[in-house]
2 protein chains.
Amino acid sequence: MKKLSKLIMTLMTIFLLAGCGNLGNSSLSSHSQNGKKVTTTTQASKSGQYSTLLQNGHYQVSAISGLSADSNSSNNHNLQAFEAGLLAVSQKEFSPDKYYFQEGQMISAPLAQKWLNRKSNTNPLGLNPVDNGSKDADKRNPIYLQQLLEQDFYTQNDKEYNLAGMTIGLSLNAVDYYTKERYGATFETKISDSQRQQMGQEMANTIIQRLRKNKNLRDIPIVVGLYRQNINDSLVGGSFFSYGVSHKFGDKINDWKAIKEQSQVLPVVNNENPINSNDANDFSNFKNHIENYFPNLSGVTAQVHYQDGSLSGIAITITTQFYGVAQIRSFTQFVQESANRYLPQQPALEIRIQTVQDMQALITKDYNSKQFTSHVLVSY
Amino acid sequence: MKKLSKLIMTLMTIFLLAGCGNLGNSSLSSHSQNGKKVTTTTQASKSGQYSTLLQNGHYQVSAISGLSADSNSSNNHNLQAFEAGLLAVSQKEFSPDKYYFQEGQMISAPLAQKWLNRKSNTNPLGLNPVDNGSKDADKRNPIYLQQLLEQDFYTQNDKEYNLAGMTIGLSLNAVDYYTKERYGATFETKISDSQRQQMGQEMANTIIQRLRKNKNLRDIPIVVGLYRQNINDSLVGGSFFSYGVSHKFGDKINDWKAIKEQSQVLPVVNNENPINSNDANDFSNFKNHIENYFPNLSGVTAQVHYQDGSLSGIAITITTQFYGVAQIRSFTQFVQESANRYLPQQPALEIRIQTVQDMQALITKDYNSKQFTSHVLVSY
């Protein structure tokens, strides 16, 4: 009788699943059965990207993402660059060919908030220094650690997914913004590179020792990446400057490796020096060329990104004031030709063509590829 | 002496051009020389798209695009579908392999405005009927012709570009909106398919006879496409329903061919019937699948476009409420897999993944192709 009801259940499940369409046996189509949690994955659509674990078909958001040390506002560039940069750090140790990705699930939100706050009698776990009472920019203890991010990496054995690695990102301030009184003016405490590095490394070791107390985290490698959070009015995000690995059962990081990463907006403003003047000239020629041919453009700007001193990516935004279908198609062709002629060949390229309201077209190219892809958005 | 100064001029020109960057001998790099107008072209980046003529490097906008019969507002879907549809009509006669495109330059804006207005003592050229004074929806003469568009096609002989064909688009109302008094309520006069067809054909012949009086337009084929402008609150544009060719020296169109084109928004609303219920089911399965896995989506809608009864294009918009880099990457992978599984294989596909403010990712596929392209927008 028990067997029969099980058979009926199974048949009903198959029937229900079949109703969804042409399912096949892909991992995507697994559903929760009999209340047991079912882990599936998405397939990476590009090489070098992680497949992601889904629990009962759902993407798992990390509880701690977005938590912040205090009311310091951070711009959106910082948030994106922090998360995307940490994924790049993770890839140095956890290859997307072998590891599956899941947003961090091990550090709870209340715990992370305690870590992010200042150390005090009521918050002994705080990683930021105690408040010494000073309001003087150079005498007060600044908030060093602004944000915390965890990324988990799984391997698959016999259809089971097991936690096999973890990466922790520490977002450390370049400038700590503070007020002397509530709703008062904002003051700044600048944090030097060496201070940031030293504090980051100390915090990393503390975090690793705390994580190792969890028995699930004892025998996995834990990577920590240190990120310099850019100043609030920057038009690009910050960048990772250092990372290290604590191998399984280890209680600290012995060997810190430098990460040479930089981002900048072109054209440069405020007499800033371009990171690479050849690249800045190339962009300037590209910009002049398209502005000459299509005079009614509102703006042509670029974000450039350097890794180990060489240009790895350019993201260009072109704001137009025209709306005709043929004109946008023609302009897109023209921009692609101009990009191919004037811009450096190597970096990944993204060109958004848009009005102030809507994107109109997108041109992309992968790193180290000469193959452009362009698409003019349609409306039927 | 004259020869010498010419040589110096030439050398200076070369020198100036060389200063612009690595130019090569592409058509794009031609500049205006000695005050003579220089015609260049953009290169079509995809097969089936026109190369566009540029005059002194500048794209030429048609003076009449955007002109309208009266204050009848038209939605943006109509404008885009009218222009894009007319390009498709043009391709039936003027192959992008042979012809270069330029927005219409032969009909001036004042002339087009006269044609679009009602016929009257002061406007004998008006193509819309005289105002018979009635305000009754069924007795008044409605405005049939709402907009007019001209597209010019050139061929190249001995480095000269010559006008070799023209297409005229007539946007004809499905409903004429009118008020009985200024700022008053809006009333509607519905126009039947047969009325629209008959009026469009008559107007087309009148226009051809007028155009043939220009000696530059006597010996070229003139194509006229008739477009049904969709009602104002529609979420898709209208569609072309008929076209014909007046061959060189001809003074009318003898042979009108039907165009079977339809657009619709999915999921359907107001108990509307889907154009094709299989396609509507496929989309519904796709939508359910991704909503099930990522519950916090604000909306999944599609525009479907049919040509000759078969699905030629789908444009899907997915509005999300999440912002994390890893989550958007993973979701984009997931959507691409789901599209590949649930949606019809044949049509051109565009999927925009966006928040209410910004596009986050774009997935595309060409007509009759299985090759998906996806790109998650970056920020450095």
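## A buried serine in chain A

Ser374(A) sits in strand β17 (residues 372-376) of chain A. Helices and strands here are DSSP runs numbered from the N terminus, with at least four residues of H or I for a helix and at least two of E for a strand. Ser374(A) counts as buried, because its relative accessibility is 10%. Buried means under 20% relative accessible area, exposed means over 50%, and partly exposed lies in between (1.4 Å probe, protein chains only).

The side chain of Ser374(A) makes a polar contact with the side chain of Gln336(A), at 3.3 Å. A polar contact is a pair of N or O atoms within 3.5 Å; within protein, one must be able to donate a hydrogen and the other to accept it, and residues adjacent in sequence count only if both atoms are side-chain atoms.

## About the model

This is a predicted model, in which local features need pLDDT of at least 70 and side-chain atom pairs count only at pLDDT 80 or more, while totals for chains, interfaces and linings use all residues. Residues are numbered from 1 along each chain as its sequence is written, chains are lettered from A and ligands numbered from 1 in the order in which they are written, and side-chain values use heavy atoms, with hydrogens and water left out.

## Chain A as a whole

Chain A holds six helices and 17 strands. It has 380 residues, and 51% of them count as buried. Now take the contacts in chain A with a separation of 6 or more: 58% of them join residues 24 or more positions apart. Contact means heavy atoms within 4.5 Å.

## Two loop residues

Is Phe249(A) buried or exposed? Phe249(A) is exposed, because its relative accessibility is 60%. This residue lies in the loop between β10 (239-246) and β11 (256-258) of chain A. Leave aside neighbours within four places in sequence, and Phe249(A) is in contact with Arg212(A), Arg218(A) and Asp219(A). Phe249(A) and Ile208(A) are 41 residues apart in sequence, and their C-alpha atoms are 9.9 Å apart in space.

Ile220(B) belongs to the loop between α4 (193-211) and β9 (222-229) of chain B. Ile220(B) has a relative accessible area of 2%, so it is buried. Beyond its neighbours within four places in sequence, its contacts include Leu163(B), Ala164(B), Met166(B) and His247(B). Ala164(B) is 56 residues away along the chain, yet the two C-alpha atoms are separated by 5.5 Å.

## Salt bridges

Glu188(A) forms a salt bridge with Lys190(A), at 3.6 Å between the closest N and O atoms. Glu188(A) is partly exposed, at 39% relative accessibility, and Lys190(A) is exposed, at 62%. In chain B, Lys190(B) and Glu188(B) also meet in a salt bridge, 3.6 Å from N to O. Lys190(B) is exposed, with a relative accessible area of 64%. Glu188(B) is partly exposed, at 39%.

## Where the chains meet

Across the interface, 70 residues of chain B are in contact with 69 residues of chain A. The size of an interface is often given as the accessible area lost when the parts come together. Here the buried area is about 6,100 Å², and carbon and sulfur atoms give 52% of it. Buried area is the accessible area (1.4 Å probe) that two parts lose on being put together, summed over both. Tyr293(B), Arg341(B) and Tyr380(B) supply 15% of the area that chain B buries against chain A, more than any other three residues.

Between chain B and chain A the count is zero salt bridges. The rule does find 26 residue pairs in polar contact across this interface (both at pLDDT 80 or more). Helix α6 (residues 325-342) of chain B gives eleven residues, the largest share of the side of chain B that touches chain A.

## How the copies are related

A rotation of 180°, with 0.0 Å of shift along its axis, superposes chain B on chain A (RMSD 0.0 Å). That is the relation of a two-fold axis. The copies are superposed by least squares on the C-alpha atoms of residues with pLDDT of at least 70 in both. Which residue of chain B comes closest to the rotation axis? Met359(B) does, with its C-alpha at 3.7 Å. Of the interface residues of chain B, 99% are also interface residues in chain A, so the copies meet through the same surface.

Technical notes. Salt bridge = Lys/Arg side-chain N within 4 Å of Asp/Glu carboxyl O.
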